[in-house]
Amino acid sequence: MNKELKKYENIIKELMGSKRFKHSVNVAEMSVSLAKKFGVDQDKAYIAGILHDCQKEADKDIMLKEAKESGYYIDPVELECFKLWHGPAAAYYVKEKLKIEDKDILNAIRFHTVGRADMSALEKIVFLADMVSAERSYPDVEKYREAVMKDLNNGMFLTLRWSILKTAGLGNTIPLCTLEGYNFYAPYKNEDDFVFQK
Ligand SMILES: [Fe+2]
Ligand SMILES: [Fe+2]
């Protein structure tokens, strides 16, 4: 990896607390591992991974304003849930403040919260690295990690399923692009996976 890119670590260190900084480094490292494994540009994976949560600790009003000005369509369900604003807000920040124009990096950052159908390899990598990063400790995380390392599409199916079940379990609504992503990746499911064996 290009050592120059380490500068982004210093930039985001200023934007967040130490716990989230550690998470961001873990996501960047996991993104690079996945990029290596699946033949994707490792520099782009590092940049998108390290920056994906760069606006998560921004003021809520700023986050919403940036999300709305990002140029991306924001689903009404996303607009209702402030936890989802940091995806498009980060894409805005990275483009406008850090002057990164690469559309694939911007899309990977924008959709890391919600997913969507037919994602690029880089988008899937950042989404999945965020779901299974080293500090995550939800039940079966090692099994999800293992599945993701084997197959990005099945990994998308499994993690979107996990996320939808969790959100619906709380009685919350689900953005359309997440449901479209789930339906898109369902044909890639592995019937022998651990989630079907309970
Ligand atoms: Fe995030
Ligand atoms: Fe994250």
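Hi everyone, let's start with glutamine 55, which is found in the loop between helix H3 and helix H4, residues 60-69. A word on names: helices are DSSP runs of H or I with at least four residues, strands are runs of E with at least two, and both are numbered from the N terminus. Residues are numbered from 1 along each chain as its sequence is written, and chains are lettered from A and ligands numbered from 1 in the order in which they are written. Please keep in mind that this is a predicted model, where local features need pLDDT of at least 70, side-chain atom pairs count only at pLDDT 80 or more, and totals for chains, interfaces and linings use all residues.

Is glutamine 55 buried or exposed? Glutamine 55 is buried, because 26 other C-beta atoms lie within 10 Å. The cut-offs are these: with C-beta atoms placed from the backbone, a residue is buried if 20 or more other C-beta atoms lie within 10 Å of its own, exposed if 12 or fewer, and partly exposed in between. Setting aside neighbours within four places in sequence, glutamine 55 is in contact with Met63, Glu66, His86, Ala89, Ala90 and Tyr93. Contact here means that the C-beta atoms of two residues, placed from the backbone, lie within 7 Å. For a sense of scale, the C-alpha atoms of glutamine 55 and phenylalanine 157 are separated by 27 Å, and these residues are 102 apart along the chain.

Now to H4 and H6. Their axes come within 7 Å and cross at roughly 70 degrees. Those axes are lines fitted to C-alpha atoms, for helices over the stretch in contact, and angles run from 0 to 180 degrees between N-to-C directions. H4 and H6 are therefore roughly perpendicular to each other. As for the wording, angles under 35 degrees count as roughly parallel, over 145 as roughly antiparallel, 65 to 115 as roughly perpendicular and the rest as oblique. In this pair, Met63, Glu66, Ala67 and Glu69 of H4 meet His86, Pro88, Ala89, Tyr92 and Tyr93 of H6. By class, that contact has 6 nonpolar, 1 polar and 2 charged residues. Nonpolar covers Ala, Val, Leu, Ile, Met, Phe, Trp, Tyr, Cys and Pro, charged covers Asp, Glu, Lys and Arg, and the others, Gly among them, are polar.

Alanine 67 counts as buried because it has 24 C-beta neighbours inside 10 Å. Not counting residues up to four places away in sequence, alanine 67 touches Ile74, Trp85, Pro88, Ala89 and Tyr92.

In the largest nonpolar core, with 49 residues, Ala48, Leu51, Ile109, Ile125 and Leu128 touch the most other members. H8 gives the most to this core, with 7 residues. Such a core is a set of buried Ala, Val, Leu, Ile, Met, Phe, Trp, Tyr and Cys residues joined through C-beta atoms within 7 Å. Beyond its neighbours within four places in sequence, leucine 128 is in contact with Leu34, Val148, Leu152, Gly155, Met156 and Thr159.

Finally, two loop residues. Most residues other than glycine have a negative phi. Lysine 99, in the loop between helix H6 (86-96) and H7, has a positive phi of about 60 degrees. Aspartate 118, in the loop between H7 and H8, has a positive phi of about 50 degrees. Lysine 99 counts as exposed because it has 7 C-beta neighbours inside 10 Å, and aspartate 118 counts as exposed with 9.
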